[in-house]
Structures are given as structure tokens and as C-alpha cells.
Amino acid sequence: MNTTEKQLGEGLFKRFCRWREEHVSERAFVLFLAFLVGFFSAVAAFFLHSVINQIGILLTSSFDKTGANWLYLIYPVVGIFLTSLFVRHIVKDNISHGITRILYAISSKRSRLRGHNCWSSVVASGITIGFGGSVGAEAPIVLTGSAIGSNLGKLFHMDNKTLMLLVGCGAAGAIAGIFKAPIAGLVFTLEVLMIDLTMASLLPILISCVTATCFTYIFTESTSLFTFHLDSDWLVERVPANILLGIFCGLISLYFIRTMTFCEDIFAKFKDKPYVKLAMGGITLSLLIFLFPSLFGEGYSSINLLINGKTQADWDGVMSNSLFAGNGDFLVLYVALVMLLKVFATSATNGGGGCGGTFAPSLFIGCFSGFFFARLWNIYNIGVYVPEKNFALLGMAGVMSGVMHAPLTGIFLIAEITGGYSLFLPLMIVSVCSYLTIYMFEPHSIYGMRLARKGQLITHHTDHAVLTLMSLDSVIDRNYMPVDPDMELGDIVHKISRSRNSFLPVVDAAGCLLGEIDITKIRHVVFRIELYHHFKARQLMTMPPAMLNDDDPMTDVMKAFDHTHVDWLPVLDHDRHLKGYISRQRMYGMYRKMVADMSED
């Protein structure tokens, strides 16, 4: 495109924006943007799953199901290697932990996601999962949908509050499009991204969810991600088993989060050695997939086997392509090992350089956990018989609720994607018990845990949310008059006459804060000219009642002002260099404004 065409395009866009501002209300235009976000999210989800399926068919269609396949040792390493090259040389940015990045953008960047996030995660995760990476496509698609919403909002100069809403629309549309589950998409946005539900936010998110779901049906017809047919109605006698399954899923969720964190910390030690990470992750993943082919890719085919099986022969199909194939006596052992090793396969995929999320792994582990629990329950006749396929379904909701700290998402997602509404009550029991169990050990989801430790997580608590959104750097006043520690009183008085504050910071030659002179405390000498050469700044300065660091969360800043009852506090960097001062009045004024903005519908 030459310069003239570019200028013409910019002119047309500006005229459109002016026409829109004059003829279309802000609320109506936001609804239109929500529709666009839903549509593009559905397109991205369809494209990604098509890529994954086509690569998987191309690579594995000729495999012998009755024995092991050596190519399982090669494909995952190739996928991780290609993904790492794509990210390192084309994207040149970190695109891992998709949902965590969305939460961080909401908390610290005013919901602004980079333009490449609209496509980079789709390409990277498509390569990773298609070649067998044991991760999910959901988090990359959620990041893609949210980036689409963010960048559409930026294109039309929407304010920060509307940008946050459009990010939520993108996430909701992505979940709704992937699973054809509009209610789950809405609830996911409220529970996981913590977008507050108001009348102003409900309709755009619903429009995005419904749009994404409808277009996904158009693209894929009526095929569902999972199929499930209820063979045994729920009985009240199974309540104890449901409760125990919920507790079991909560403990499995805790195992998932803690093990994932442990593995990530190990790979983080080699962040500057990509080929070492590739070797570690690739070898680990290849060996696991070779021994347990169920770990190949997202694992949705294995989930369908467990939730649709009726006989031992049906369930034994989950061991196809493995060394366990044809040995039905080892089914329980195989399921237990896969359930425990999935988290290592997921960590190895992402740690080695691949790209994917933990959404699908939590569903996968939940399905295997529910089946494992039910099979042992029935083998040892612990209580009334429980259907394995039903409990596999319940386990999916239980582990998802625990890992994501989102019981409503677990309930509605599993009910919608399987049509298992007849199990609504046991879904509620298992999800709530799982959430309550893990909450005793881990108060934050796997997505919010990293940000919560840094004080950067937005929550539904308005006061805490506002303090998280406030930027310490934005309230620092850098217009101060420093004085040298050896400056005489006469020169200090001259500085006072030009200062608009009631204090003067005393700094050394390197800019480090040594103390401050409180003008109100030196009145007894400031008007005595005969003393102007007798006192120096170091004799008149005192230490401030508290000092702030430039990376302190705003909650700590508020506490410092509450404890000291002063009007100004200095802000230092880690080398004690003075960056400026924070005014209590300015900070509380910004706080009140942001509370008012967040409280508006």
C-alpha cells in the first residue's frame, strides 16, 4: 500500500468515526463491537481446531492400535521445536500462560493486549498440539478472543472501562465458541476474569457468547466436542459418593497446581538456555506419550471413550497404541498413572518451548479421576453402585472447579457440552465440594496465583480492585526541590521561598535520600539571619516517618498513610534513589474517582 492509499484509508476511517459519534450511541456501538468480537472468536476457535485435527490425522492415521508406535518419540519434540522457533524469531514475545496474561493486562495495562496476540497464540498452539503437545487449545483461544476485543476497542478509542468489557467479551466468546456453551462462557468471564456483572456488562457478554456459539454451529454443524448419553438416573443414595468424589477432585486439583508450579520453577532456571529446555521438555514428553498415548494432544478422544463406554472392552480402548493394549486387567493402573502423569506432560510441553493452556488438561485429569474413583468404589463395594461414565463426567467438573476456582463454570460447562443436565445436582455437589477442599490450601486459581503473589490480581472486591488498578507511578510527584546535606541555612531559606511544598528532601550526590527538612519544624531559626551560616541541611533534617518503594502495591501505600497520618511520603527505588513524593490528597482523589467509575452501570 503506497502513501496515498494509506492516507485515503485513514481519512475514510476518521470520517466513519465522526459519523459513528454523531449517529450511533456509545452503548449501541459497544453491542456491535461485542458481536464482532464473538464472530472473530468463533472463527479463531474453528481455525485452531481444524489445524490441530488435520495435523493429528496426518501424523497418526496409519498407527497400529494394537501396539506401541515409535513415532510418538519424535513428533512431540518436532512440535515443540517448531513452536519455539516461531515464538523466538517471529513473535519475539512471551505468549505463554494466556489467561494469566489477560488477568495481568486487566490489572496493570488497562486491558491493552498486543496486536500479535490476535493470531500468534493460534499458530503456536496449533503446531504444539497438532504434533502431540499435551496441552489445551482453550487458553490460547481465550487470549486470542480477548486480544481481538482489546484491539478493536483501541482502534475505536474506547475508554479503559469499555476495553475491560471487550476483553471479557472476547474471553466469553472464545469459551462459548470452543465448547458451544454460551452460559459457560458468560460464567467463565465472571468467575475467572472477575469482570463484574452489571446491566452494562451483561448484554455485551451475552451477545458475544451467543454470536460465537451460533457461528460455531454454522461452521461445524451440530457436532459436539463430547457426546454423552445418560444410562443411569441420579439417585439420592449416591450423595455420599458425590461428596467424596468432590473432595478427591479437590485434592487432585491441589496436586495439579502444586506440581505444575514446581515443574515451571525448574524450567524457569533455564530460561536463557532454550535448547536445554527443549531437550528436557521434549525427552520427558516423548517418553510419557510413548508409554501412555492417551497423553498425546488434548486427549479429548480418551475423554469420549471414558464417558461413553458401557463395557470393559469399550474402556480398554483408552489403552490403544500403548504397551498396555489388550491387557484389560491393567486398566485401573493405566488410568491412575495417566491421571498423575498428565501434569508432567503438560509442564514438559510448555516448559520445553511449546504453547498451550491448562484448561483441557484439567478436563482430562478430571475425567480420569472420576472414572478411577468410581471403578475403585465398585471394585471394593464401598457403597451403592455408581456408574463409571457418569462419575467420569462429574470428575471433569470437579477438577475444573478446583483448578480454576470456578465451580459455576465447571457445572455449566460440563452440563452444556455433554447435555448432561440430568446430572445437574450431582455436578453442583461435586464442584462445590472440590472448590471448598482446595480453597483450604490454595486461595487462588492456577491463573491468578502468580499475580496474587505480586499483588496484581483484580478481584470482585471493589476496594481491592481499585487499588490494584491504580498505578503507583501515576501518582508520584516528581516536582520537588532537593538540597545538598552541606547546604547552609541561608541557601535553604532561598529554596523554601521557591518551593510549593512544606518539606525539602536532602539527597547526596548520587540522588539517594538522606532525610528531609520539615519547614514547619525550623521556624525558630528560619527568620534569624545571624544563624544562616551556622546551620547546615544535615543538622536540620529528620528521617521521614515511612519510605515507599517504587514497586510497592497500592494496598501497602494506603496502609503507610493510615499509620503515619502524614500528607506526603517519599518513593525510592531499590538503590534508595529518590523518585519523588506521593500526596495523600492526590492519591485519595484518584481513588474516589476510580471507585465512582467502577460503580457506574
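Mentor: On a 1 Å grid over the protein atoms alone, a cavity is a set of points where a 1.4 Å probe fits but cannot get out, and its lining residues have an atom within 4 Å of a point. Points are joined across faces, edges and corners, and the volume is the space filled by probe spheres set on them. This is a predicted model: local features need pLDDT of at least 70, side-chain atom pairs count only at pLDDT 80 or more, and totals for chains, interfaces and linings use all residues. Residues are numbered from 1 along each chain as its sequence is written, and side-chain values use heavy atoms, with hydrogens and water left out.

Trainee: OK. How many cavities of 30 Å³ or more does the structure hold?

Mentor: One. The largest cavity contains about 40 Å³ of space.

Trainee: Which residues line the largest cavity?

Mentor: The lining is made of W234, R238, N242, P387, N390, F391, L394, L423 and P426. Helix 16 (residues 388-404) gives the largest share, three residues. Helices are DSSP runs of H or I with at least four residues, strands are E runs of at least two, and both are numbered from the N terminus.

Trainee: And how do the lining residues divide into nonpolar, polar and charged?

Mentor: Six are nonpolar, two polar and one charged. Nonpolar covers Ala, Val, Leu, Ile, Met, Phe, Trp, Tyr, Cys and Pro; charged is Asp, Glu, Lys and Arg; the others, Gly among them, are polar.

Trainee: Zooming out, how many helices and strands are in the protein chain?

Mentor: The chain has 25 helices and six strands. Of its 601 residues, 54% are buried, where buried means under 20% relative accessible area, exposed over 50%, and partly exposed in between (1.4 Å probe, protein chains only). The chain exposes about 26200 Å², and carbon and sulfur atoms supply 62% of that. The areas come from the Shrake-Rupley method with a 1.4 Å probe, and for residues only the protein chains shown count as cover.

Trainee: What share of the contacts with a separation of 6 or more joins residues 24 or more positions apart?

Mentor: That share is 75%. Contact means heavy atoms within 4.5 Å.

Trainee: Switching to strands. Why is strand 2 described as largely enclosed?

Mentor: Five of the five residues of strand 2 (residues 503-507) are buried, so the rest of the structure largely encloses this strand. F503, P505 and V507 point one way, L504 and V506 the other, and all are buried. In a regular strand the side chains alternate between the two faces of the sheet.

Trainee: What does strand 2 pair with?

Mentor: Strand 3 (residues 513-518), in the antiparallel sense, over five bridges. Two strands pair if DSSP finds at least two bridges between them. L504 sits opposite I517 in strand 3. The hairpin of strand 2 and strand 3 has five residues between the strands, and G511 takes a positive phi near 90° there.

Trainee: How many bridges join strand 1 to strand 6?

Mentor: Two, with strand 1 (residues 476-477) running antiparallel to strand 6; I476 is the bridge partner of I582. Strand 5 (residues 568-572) also pairs with strand 6 in the antiparallel sense, over five bridges. W568 stands opposite S583, and P570 has Y581 as its bridge partner. Strand 5 and strand 6 form a hairpin with five residues between them, and R576 in the turn has a positive phi of about 70°.

Trainee: Back to helices. Is T409 buried or exposed?

Mentor: T409 counts as buried, because its relative accessibility is 0%. T409 lies in helix 17 (residues 407-418). Leaving aside neighbours within four places in sequence, T409 is in contact with A184, V187, F188, E191, M400 and M404.

Trainee: And what does S286 contact, neighbours within four places left aside?

Mentor: Y72, L73, P76 and V77. S286 belongs to helix 11 (residues 274-291) and is buried, with a relative accessible area of 4%. The C-alpha atoms of S286 and G132 are separated by 8.9 Å, although the two residues are 154 apart along the chain.

Technical notes: 1 Å grid on protein atoms, 1.4 Å probe; cavity = no way out; pocket = protein on both sides within 12 Å on 5 of 7 lines; lining within 4 Å.
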